Amino acid sequence: MGEDDGRPDMVNRDPNSLNTNLMAAFEEVFGEPENLHSPECAWKCGFQCYEGSRKCCYAFITAISTWCAGLTWGCCYAMMSCCMVWWATPSMKLYKICTDCCTAYYTAYYDCCLAPITSACGSCFSRIKVTQG
């Protein structure tokens, strides 16, 4: 949202530069090599037709489809948010609680039973010296 009152920014409509790949000026789409030039009037007419049809068709298509796209994507994000709030996050919290209990059990088991054994084995094997020969 670009403005303080919650309305979208009507000047800068792509503040995060999401669609910079759609920047297609006439010169980026069409180019004639030096030895092949159409008449100047044809080149100017092509430019006017390209720009006019691109803007007019885009305005027509968006006027027809933006409400449907907005409704569809709004519902998709609402469903995703609902799933995250009411299913995924509580499930992850439950999983963490269960694994924390198991982690505490295995840590106590290791500290009581395995740590003394591994420490004793380490002390025994630390006295071994390897020499070449």
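**Entry 1: the overall build**

I counted the secondary structure to begin with, and the protein has 2 helices and 0 strands. Here helices (H or I, at least four residues) and strands (E, at least two) are DSSP runs, numbered from the N terminus. I then looked up the radius of gyration: at 34 Å it is well over the 14 Å that the globule rule gives for 133 residues, so the protein is more spread out than a compact globule. For my own reference, that radius is taken over C-alpha atoms, and the globule rule is 2.2 Å times the number of residues to the power 0.38.

I noted that this is a predicted model, in which local features need pLDDT of at least 70 and side-chain atom pairs count only at pLDDT 80 or more, while totals for chains, interfaces and linings use all residues. Residues are numbered from 1 along each chain as its sequence is written, and side-chain values use heavy atoms, with hydrogens and water left out.

I also checked the C-alpha trace along its principal axes, where the protein spans about 95 × 60 × 25 Å.

**Entry 2: surface and charge**

How much of the protein is buried? I found that buried residues make up 3% of the 133 residues; buried means under 20% relative accessible area, exposed over 50%, and partly exposed in between (1.4 Å probe, protein chains only). The protein exposes about 12,100 Å², and carbon and sulfur atoms supply 68% of that area. The areas come from the Shrake-Rupley method with a 1.4 Å probe; for residues, only the protein chains shown count as cover.

I looked at the charges next: the mean positions of the 9 positive and 13 negative charges are 16 Å apart. Lys and Arg count as positive and Asp and Glu as negative, with His and the chain ends not counted. The place of a charge is NZ of Lys, CZ of Arg, CG of Asp or CD of Glu.

**Entry 3: helix H2**

Helix H2 covers residues 40-125, 86 residues in total, yet its end C-alpha atoms are only 90 Å apart, short of the 128 Å that a straight helix would reach at 1.5 Å a residue. The expected span is 1.5 Å times one less than the number of residues.

Where is H2 kinked? I found a kink of about 45 degrees centred on Ser65; the bend is the angle between axes fitted to the seven residues ending there and the seven starting there.

I listed Tyr50, Glu51 and Thr62 as buried in H2. Leu94 also lies in H2, but it is exposed, with a relative accessible area of 53%.

Ser17 sits in the segment before helix H1 (26-29). Its phi is near 50 degrees, a positive value in a residue other than glycine.
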